[in-house]
Amino acid sequence: MRDAITGLIGRYDQLGRYLDRDAIDRISTYYSESSVRLAAVELINREAATIVREAAQRLWLADPELILPGGNAYTTRRLSACLRDMDYFLRYVSYALIADDASILNERVLNGLDDTYKSLGVPTGPTVRSIALMADVVCEMLLESGVASAIVVRAPFDHLCRGLGATNLRAR
Ligand SMILES: CCC1=C(C)/C(=C/C2=NC(=C\c3[nH]c(/C=C4\NC(=O)[C@H](C)[C@H]4CC)c(C)c3CCC(=O)O)/C(CCC(=O)O)=C2C)NC1=O
């Protein structure tokens, strides 16, 4: 687990260098984005259940066969495993969001997940979509509450989507 500042200081320390203009710019960007990051994390903390529920409803609407007999999220047990996975994704996204660093997503979420999903037949495409839909919901709620920029907020969701998509492609 790293954050943007410790990661950057670690790199400069390895090179034995003072923090130069690039480093200061990077750190200054991080601090200027901090209120958006905090607002997003507060929103996620307050509305996690709503965010998961809303994104899941959009997923079932787009992909109804997932929750019909034969679908991977069919049966109460598997449906709740699916919603729980979405909740895991959202919680780890909130950590990565405040840290501005994706290492926790690699270490705690993506590492080994592809193998688990393959062995259980959990489909990657719809899982990636569920993550993108949570990003949509979070960004919509933030915009409604008056927070303008959502790009920063999408980054950790995108990282998860790319990570899942990439491991899936490699294994084919
Ligand atoms: C914090 C890191 C972490 C992650 C990410 C994680 C994921 C994870 N998801 C699982 C299952 C599952 N995951 C899903 C998810 C879905 N099926 C669908 O069709 C949808 C597209 C999708 C929801 C969006 C389902 C249905 C299962 C149960 C599969 C089964 O048991 O047959 C399992 C197997 C064990 C279990 O059911 O608990 C793991 C380990 N566990 C972790 O500790």
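**The surroundings of the ligand**

Mentor: An N or O atom in the side chain of R77 lies 3.1 Å from an oxygen atom of the ligand, a polar contact being a pair of N or O atoms within 3.5 Å; within protein, one atom must be able to donate a hydrogen and the other to accept it, and residues adjacent in sequence count only if both atoms are side-chain atoms. The model is predicted: local features need pLDDT of at least 70 and side-chain atom pairs count only at pLDDT 80 or more, while totals for chains, interfaces and linings use all residues. Residues are numbered from 1 along each chain as its sequence is written, and side-chain values use heavy atoms, with hydrogens and water left out.

The ligand is surrounded by 23 residues, of which the closest are N72, R77, C82, R84 and D85; a residue is counted as near if one of its heavy atoms lies within 4 Å of the molecule. R84 places a polar side-chain atom 2.7 Å from an oxygen atom of the ligand. For D85, a polar side-chain atom lies 2.7 Å from a nitrogen atom of the ligand.

Not counting residues up to four places away in sequence, N72 touches L66, R78, L120, G121, V122 and P123, where contact means heavy atoms within 4.5 Å. A polar atom of the N72 side chain lies 3.4 Å from the backbone oxygen of L120. An unreviewed UniProt entry lists N72 under "modified residue: N4-methylasparagine"; UniProt positions follow the numbering used here, feature names are shortened, and annotations may be inferred rather than shown by experiment.

T75 also lies in the loop between helix 3 and helix 4. Its phi is near 85°, a positive value in a residue other than glycine, and with a relative accessible area of 37% T75 is partly exposed.

Helix 4 (residues 76–99) holds both Y92 and Y95, 3 residues apart, about one turn of the helix. A pair of aromatic rings is described by the distance of the centres and the angle of the planes. The whole structure contains 2 aromatic pairs. The rings of Y92 and Y95 have centres 5.4 Å apart and planes at 85°, so this pair is edge-to-face. Rings of Phe, Tyr and Trp (its six-membered ring) pair if their centres lie within 6.5 Å; planes under 30 degrees apart are stacked, over 60 edge-to-face, and the rest tilted. Y92 is buried, at 9% relative accessibility, whereas Y95, at 33%, is partly exposed.

V122, a contact of N72, is also in contact with T127, as are F89, Y117 and L164, leaving aside neighbours within four places in sequence. T127 lies in helix 7 (residues 124–144) and is buried at 11% relative accessible area.

Finally, consider confidence. The mean pLDDT of the chain is 94, pLDDT being the predictor's confidence in each residue, from 0 to 100. Among the elements of the chain, helix 4 has the highest mean (98) and helix 8 (residues 151–171) the lowest (82). Over residues 168–172, pLDDT stays under 50. Where pLDDT is low, the predicted coordinates should not be read in detail.

Conventions
Helices (H or I, at least four residues) and strands (E, at least two) are DSSP runs, numbered from the N terminus. Buried means under 20% relative accessible area, exposed over 50%, partly exposed in between (1.4 Å probe, protein chains only).
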